[in-house]
Amino acid sequence: MPNPLHLLSQQSPVDKFFLPPSSSNLARDFDWGWNFVLGSTAFFFMIVVVVMCIFIIKYRRRGPNEQTPVITRNIPLEVMWTGIPLALVMAIFFVGFKGFINYDTPQSDCRPVQVVASKWTFDFTYPNGSMDKNLYLEKGIPTLLNITSSDVLHGVYIPAFRTQRNAIFGRTTQIWFIPEQLSPPFINAQNPGGFNLFCTQYCGQGHSKMITHVYVLNKEDYDRKMIELANPFKDAATGKWIPYVKVGQRFFNQSCISCHNVTGAPGSIGPTWKGLWKSKVTFSYSNVLGYTLSPSDSDKKWEAYIRESVLDPGAKIVAGFPNSMPPQPQFSGNTLNDEKFHALLAYIKSVGSLPYTPEFTPEKNPDLFNADAKHPYHPESLAAKGKGGQGEGVTR
Amino acid sequence: MPSPIAHIVPFKILLRVFFALVILTVLTVTASEFNFGRFNLFIALTIAVLKASLVLLFFMHLFWDKPFNAIVFIGCLIFVALFIGLALLDSTQYQNSIHQQQAPGVQHKPLHP
Amino acid sequence: MSTTQPHLASHFNSPQQQFDSGKLGIWLFLTTEILLFSGLFCAYAVYRSNHPDIFAFAHQYLNKWLGALNTLILISSSFTMAWSVRAAQLNQKNLCTTLLAITILCGSAFLSVKYIEYKNKWQEHLLPGPRYNPRELPPAEAEALDDQSRDRKGATWEGGAASTLPHGRSLTVAALIPPTETFRAPIGPAGLNPAWVDNDRSSRFSMSWLAPTPSLEPEPNNTHIFFGIYFLMTGLHAIHVLVGISLITWLLLRTTRGDFSPQYFAPIDFTALYWHIVDLIWIFLFPLLYLIGNT
Amino acid sequence: MTTANYLTHPRGIRSWLLTLDHKRIGIMYLVSTLAAFSLGGLFAMIVRTQLLSPNGAIFTVAKDYDHYNQMFTLHGAIMIFLVLIPGVPGALGNFVLPLMLGARDVAFPRLNLFSYYLYVSGALIVILSIILGAVDTGWTFYTPYSSDPDIGSRDAVSLMVFGIFILGFSSILTGMNFIVTIHKLRPSPPNGMTWFRMPLFLWSLYATAVIQILATPILGITLLLLIMERTLHVGIFSPRFGGDPILFQHFFWFYSHPAVYIMILPAMGIMSEVIPTFSRKPIFGYHFVAISSLAIAIIGFLVWGHHMFPNGQSTLLSTIFSFLTMCVAIPSAIKVWNWLATMYKGSISLKTPMCYALAFLFLFTLGGLSGIYLGSLSLNVHVHDTYFVVAHFHFVMFGGTLMGFLSGLHYWWPKMTGKLYNENPARLACALIFLGFNTTFLPQFLLGSHGMPRRSATYLPEFAPYHILSSLGAGIQLLGFILAAAVLIHSLFRGRQSPPNPWGAATLEWSCPSPPPHDNFSTPPLVGDPYDHANLVWISDQEGYRRSQEPEARSQKSQT
């Protein structure tokens with residue numbers, strides 16, 4: 001039986017003026033508390049302003065030597081205007097405390113989602129092991145976010161759910177909620193729909209761009225999305241396989257776009273990808289002494305360079321750019337992630353306007369594209385075949 | 001000799017306080033030899049507080065001074081206790097959510113693992 | 001300066017009011033000193049209550065006897081300082097000067113003992129932060145330096161090794177800071193424990209009977225935090241001892257010039273109060289850092 | 001013919017730079033804080049112009065967002081450490097305290113000059129750090145962004161932090177000076193000034209000095225440890241070396257919350273002087289207002305955790321701090337009610353100081369009440385680190401401290417310079433600042449409650465109308481400040497000569513000639529009831545008030 005007091009907090013016009021749409025269990029309690037505090041503070045503020053204006057007009061100075069009565073003390077009045085505000089603030093404290101205990105103690109049957117905040121993007125890891133830059137939730141299912149950071153302090157703030165927590169390196173903080181409203185659907189890159197998820201703790205240059213989206217889906221869409229995330233190469237709706245360049249472009253639009261660009265415009269935090277493939281690159285730092293890269297180098301060397309820059313960005317730094325890219329672990333570890341890297345590589349090459357034909361396509365060898373199969377060129381499978389070598393990279 | 005501006009500490013008191021301090025130091029060092037478990041820290045701190053109050057009362061003649069100076073000092077200790085107390089209470093509360101790992105910035109071969 | 005009473009500032013009515021104002025002022029300053037050190041005591045309390053194993057393991061590298069010696073030195077300097085205030089009040093100029101000189105000597109003795117301890121910590125690489133790299137204890141097991149010194153010697157980029165997240169997902173963060181200077185092969189024990197010193201190491205100063213018994217249980221994580229707190233606390237305290245010594249030498253010059261009299265001895269009294277507070281802080285530092293023993 | 005007063009008596013620059021006179025040091029503080037205020041205001045204008053359009057009007061490219069971050073950091077750091085904390089106690093406090101006490105000078109004049117030069121050297125180091133690579137960590141210097149140069153800020157953080165470390169000492173020494181002066185230099189009987197016959201501005205300066213003494217050393221050790229952390233990676237605050245960033249926040253806020261009470265208490269003291277004078281009525285509930293200053297100072301030390309509710313602080317501590325935060329709101333409420341009661345049945349003249357005082361009442365009440373949203377736990381979670389917080393602290397710091405500072409400046413301007421400024425343009429400036437301030441910061445309350453995070457160079461298009469209105473308000477405020485400055489400077493050259501007591505106030509500083517002589521009082525002044533306006537008679541040719549009959553020497557007619 002819903003708490004009758006919550007009837008107060010349907011999205012009344014006052015709420016719409018002050019607050020974003022309320023779409024989680026926390027938001028219902030919050031709105032009620034907000035209206036209570038808003039009412040009482042507005043009332044006291046009105047008293048002060050009205051009394052002040054009355055006194056200014058009524059007791060304006062008639063002459064410089066005007067005598068005024070000597071009133072200096074009134075104990076009952078003092079007690080009254082100490083007691084009443086004290087009672088009010090204690091009530092407000094209790095309202096806040098009740099909501100905070102609910103915010104701070106997750107339910108036991110929550111669906112855990114791991115959030116890793118890094119400099120200027122969020123990585124959400126779902127129970128089926130797949131990882132994505134956006135947060136997908138199922139309506140009505142209590143969800144628990146285990147939040148940590150991989151470098152500086154960040155904040156995970158969802159205004160529509162009225163909840164927020166900081167991400168701290170070397171520590172897991174938690175927020176939980178029950179999404180109760182479907183989020184506006186994704187239309188295109190310009191208006192991605194969903195609820196906003198901001199980073200509220202200042203974290204440097206890209207802090208203001210560190211925004212991602214929360215999509216609350218019903219059961220079918222959520223399950224379909226989970227399958228799609230597990231295997232990005234197959235279009236979950238039509239069942240057809242998506243070409244590599246398209247998948248690579250989606251990876252770019254999700255996270256790389258916050259620092260790199262494909263238009264060649266100057267001023268982005270990281271180097272532009274336009275014409276990157278086989279271009280003249282000079283390094284301000286490289287972990288291998290005397291390492292150079294020129295357009296005449298082989299595909300294999302270029303691919304090894306890009307793979308290393310994705311997995312361990314600090315290894316080689318292009319001149320004129322800071323060493324501030326966090327590693328992207330989602331492109332290594334198993335066959336599917338390797339193939340994701342090749343999709344990204346395909347997109348990088350296509351931005352350099354080079355035709356690209358993938359060696360392994362999901363149609364020719366579908367078994368390769370389930371999450372746990374080992375890639376024939378993967379270091380372990382190479383070692384198993386006795387070829388050894390550091391996985392020199394894959395001829396493409 | 002006009003009335004002295006401040007109280008002059010008799011030499012005997014100075015000497016006795018000095019010897020008391022030396023004895024307390026020897027006491028605290030020997031006390032640390034034995035293993036009283038949690039009480040080691042408690043004993044060490046009570047002896048330190050004793051020595052500190054001796055220095056305060058006699059060497060810094062708070063004993064004969066205007067009481068307001070003592071109030072200032074005790075007020076300062078209250079705020080020190082408030083600061084340490086609440087910061088400590090909070091850090092012990094959230095220790096379980098910290099990943100107990102070797103700090104990534106300080107890598108060295110741990111001794112006899 | 002009114003001619004009737006020397007050293008009376010114009011805006012005070014009487015020397016008594018001037019002395020009392022000075023006394024309240026110096027007590028307020030001592031409050032700020034205590035609060036300054038309270039920050040370090042708070043860091044000590046937080047890290048000791050949350051990682052008691054670090055402090056139990058790392059106390060083996062601190063020499064309890066040198067700490068006790070330092071405590072006695074400071075207590076005696078506190079005694080001579082209090083005595084010199086009494087001498088100034090009774091107009092015994094020579095006694096006051098000798099006592100001030102003794103206090104300066106004790107202060108310098110304290111600093112030299114600290115120098116010995118710091119030099120040893122520096123040699124044994126028991127330093128805060130990434131330079132912390134103590135050596136294996138028993139010489140028999142000292143093995144050659146493994147390929148720890150990466151090819152990025154002296155690189156300015158810095159990062160951290162794998163930090164395991166609760167869900168077992170390993171997140172590779174860029175490699176660590178390599179310590180700036182490379183290490184010679186780890187031979188000989190850590191700490192002041194010449195019993196294991198092989199004879200070719202020329203340690204000019206060896207106090208075999210002073211060494212603490214080394215602990216052999218496994219080293220906990222982040223032991224460098226202890227040395228961070230140790231160097232911060234004793235370092236800031238040593239700076240205050242240095243300031244104290246220079247103040248007392250300035251006092252010594254003024255007493256020899258005969259500035260002070262039973263009516264005007266405030267500088268000696270206030271410097272004495274400052275010196276007592278420095279001693280007071282060491283009285284708390286000594287048991288907390290040196291006498292951790294077996295909690 | 002100007003008689004020998006403190007402005008003209010010893011001539012020459014050396015006599016100003018090496019002066020021991022508290023009045024001259026007050027003037028030097030005033031000039032330095034106003035210069036720092038204009039620098040801080042410049043950064044504020046850049047921040048507001050950048051936020052005119054969603055993708056940024058000045059720094060439109062991702063690489064340049066760093067410069068925006070530097071702008072809001074410097075705006076915050078300069079305004080707080082160089083203007084608000086030393087402002088009222090340094091400039092007005094130094095000038096007025098000995099005069100109100102009837103003393104010749106503060107207890108330690110040399111120490112007073114030394115703390116001014118500490119302030120100047122700290123400020124110069126801060127400005128040097130701006131040139132060598134301005135800091136972009138936010139004025140709160142949260143680790144690990146501020147303590148790890150490789151993953152965080154690469155700018156001159158250590159230099160800026162060292163500059164603020166030095167400024168801390170200037171604050172401590174000023175506080176010590178005031179406490180000793182109030183304790184030891186009050187006029188002793190027969191016409192003594194007991195604690196409860198002291199003007200309330202001195203009570204609030206005393207409470208501020210208590211906070212400065214007890215809180216600033218913790219800032220000192222925090223900044224020292226931050227420099228150690230940044231240079232030697234000591235591993236106390238930075239998690240990548242085993243430290244704990246929440247411990248840094250505890251250290252930082254243990255100082256920084258009492259610091260906001262260092263800023264507001266002197267302004268409250270000025271209100272307790274200005275409102276009774278311009279209502280020609282004694283202050284209502286003197287004892288309650290005096291004790292509530294001390295209560296704010298003490299309880300102010302217990303509430304610092306409300307800055308860290310969703311930052312990872314434990315539930316137990318968040319509850320404790322939220323409860324105590326609610327208690328700290330009560331003394332401020334008592335003061336506001338007592339000021340209103342003072343105006344009851346008074347004879348209120350809307351001179352410029354009174355206009356700023358009424359603006360203070362309006363803005364500070366709004367700021368204080370918005371603080372209650374941030375104090376209660378579940379509401380804080382939604383509005384923490386959003387523009388709601390930005391609006392709250394500007395209402396309390398700008399609407400509170402700065403309005404109080406301007407009210408005090410206009411109130412003691414005739415005493416400081418011996419010149420009267422003309423009222424109407426000054427009142428227009430006050431109206432402009434008040435209007436501009438409300439247009440700037442009222443929309444930011446809505447920005448915050450709709451969930452826009454603070455400290456961001458760009459924002460979503462849906463927040464655009466609020467920001468345009470807010471930037472417009474900033475422009476109006478700029479006009480207001482320029483007009484206010486013009487009025488005061490104009491009065492320096494062509495202002496009318498001011499009588500000793502232009503406003504009819506009963507506190508001691510109005511019994512000495514307008515620019516007071518070097519030694520303040522030729523004869524020790526007779527201490528009466530500080531709020532007894534009854535026997536002050538208006539003399540029209542002098543445009544000032546004069547006592548009709550001297551207060552009885554030390555009569556027992558103390559405060560009924």
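## Basis of the model

The model is predicted, so that local features need pLDDT of at least 70 and side-chain atom pairs count only at pLDDT 80 or more, while totals for chains, interfaces and linings use all residues. Residues are numbered from 1 along each chain as its sequence is written, and chains are lettered from A and ligands numbered from 1 in the order in which they are written.

## Chain C

Chain C holds six helices and two strands, where helices (H or I, at least four residues) and strands (E, at least two) are DSSP runs numbered from the N terminus. Their order along the sequence is α-α-α-α-β-β-α-α. Of its 295 residues, 45% are buried, a term that requires 20 or more other C-beta atoms, placed from the backbone, within 10 Å of the residue's own. Where contacts in chain C join residues at least 6 apart in sequence, 70% link residues at least 24 apart; a contact means C-beta atoms, placed from the backbone, within 7 Å.

## Chain D against chain B

Chain D places 17 residues in contact with 15 residues of chain B. On the chain D side, the elements giving two or more residues are helices H6 (200–232), H7 (245–279) and H9 (315–343), and H7(D) gives the most, with three residues. This side divides into eight nonpolar, seven polar and two charged residues.

## Helix H8 of chain D

The 14 residues of H8(D) (286–299) should span 20 Å at 1.5 Å a residue, which agrees with end C-alpha atoms 20 Å apart; the expected span is 1.5 Å times one less than the number of residues. Its buried residues, among them Tyr286(D), Phe288(D) and Ile296(D), pack against helix H3 (75–104) of chain A and against H6, H7 and H9 of chain D.

Conventions:
Buried ≥ 20, exposed ≤ 12 C-beta atoms within 10 Å, placed from the backbone. Contact = placed C-beta atoms within 7 Å. Nonpolar A, V, L, I, M, F, W, Y, C, P; charged D, E, K, R; others polar.
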